[in-house]
Amino acid sequence: MLNVGLVDDQQLVRQGISGLLAISGNAQVSWEARNGEEALAFITQQPVDVLLADIRMPVMDGISLVKHLRARSNNTPILMLTTFDDADLFAQSIKAGANGFLLKDVSLEKLVSSLQLVSDGSTFLAEPDMLREFQQKKSTLDLSEREKQILRLLVNGRSNKEIAKTIFLAEGTVRNHVSNILAKLDCRDRTQAVLKAISENLA
């Protein structure tokens, strides 16, 4: 039986999740906390196999809770459960040290299997759509300064030859940079890359 610490500011949500996990027969809620601050006190007194935490809560939110635990070298697996389909929250959860990220409309079967996975030390898991959006954003963030410079010139309608002359590079080198930019932005051609750069304010 998996022992779970449940952190959510809504009593009805806590009661619902607790009841459903009990029905599953594979997990049980050892204690409930209304925010991250209460959870820090509970987990000190009663360690659990895995934490299931909401993100947006008063007093101390879920991401701050993760940061506090990791700063204390507490490696309890943490699965974030949220209403919000937000890639930025997902990225912040990863950076803070959470082990998983699921939306609250997840099925009971998937919730229990996800708790078991992170408890067993699985690598980070998330909804496929969320993971795909995050990876796309991460690729964008991975553009080097030179690639960002070339992307800005692409937006201004410059050819490879003109870009090479502007920033004092060989035309072949510029071509290689443009190929890298297309790959990182997941674009099939420079026109699509320019449109993406404009729509997402990348250049």
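Contact is taken here to mean heavy atoms within 4.5 Å. The structure is a predicted model, in which local features need pLDDT of at least 70 and side-chain atom pairs count only at pLDDT 80 or more, while totals for chains, interfaces and linings use all residues. Residues are numbered from 1 along each chain as its sequence is written, and side-chain values use heavy atoms, with hydrogens and water left out.

N74 is located in the loop between α3 and β4 (78-82), helices (H or I, at least four residues) and strands (E, at least two) being DSSP runs numbered from the N terminus. When neighbours within four places in sequence are set aside, N74 is in contact with I43 and L69. The N74 side chain also forms a polar contact with the side chain of T76, at 2.6 Å. A polar contact is a pair of N or O atoms within 3.5 Å; within protein, one must be able to donate a hydrogen and the other to accept it, and residues adjacent in sequence count only if both atoms are side-chain atoms.

I43 and L69 also take part in the contact between helices α2 and α3, to which α2 contributes G36, A39, L40 and I43, and α3 contributes L65, H68 and L69. Helix α2 (residues 36-45) packs against helix α3 (residues 62-71) at an angle of about 35°, and their axes are 9 Å apart. Axes are lines fitted to C-alpha atoms, for helices over the stretch in contact, and angles run from 0 to 180 degrees between N-to-C directions.

R34 is placed in the loop between β2 (27-33) and α2. Residues up to four places away in sequence not being counted, R34 touches D8, D9, R14 and M57. The C-alpha atoms of R34 and D8 are 5.1 Å apart, although the two residues are separated by 26 residues in sequence. A polar contact of 2.5 Å joins the side chains of R34 and E38.

In helix α8 (residues 160-167), the residues N160, I163, A164 and I167 are buried. These residues lie on the same side of α8 because they cover an arc of only 100° around the axis, the arc being that of the directions from the helix axis to the C-beta atoms. K161 and K165, on the other side of α8, are exposed. Just after α8, F168 adopts a positive phi of about 60°.

Technical notes: Buried < 20%, exposed > 50% of the residue type's maximum accessible area, 1.4 Å probe, protein only.
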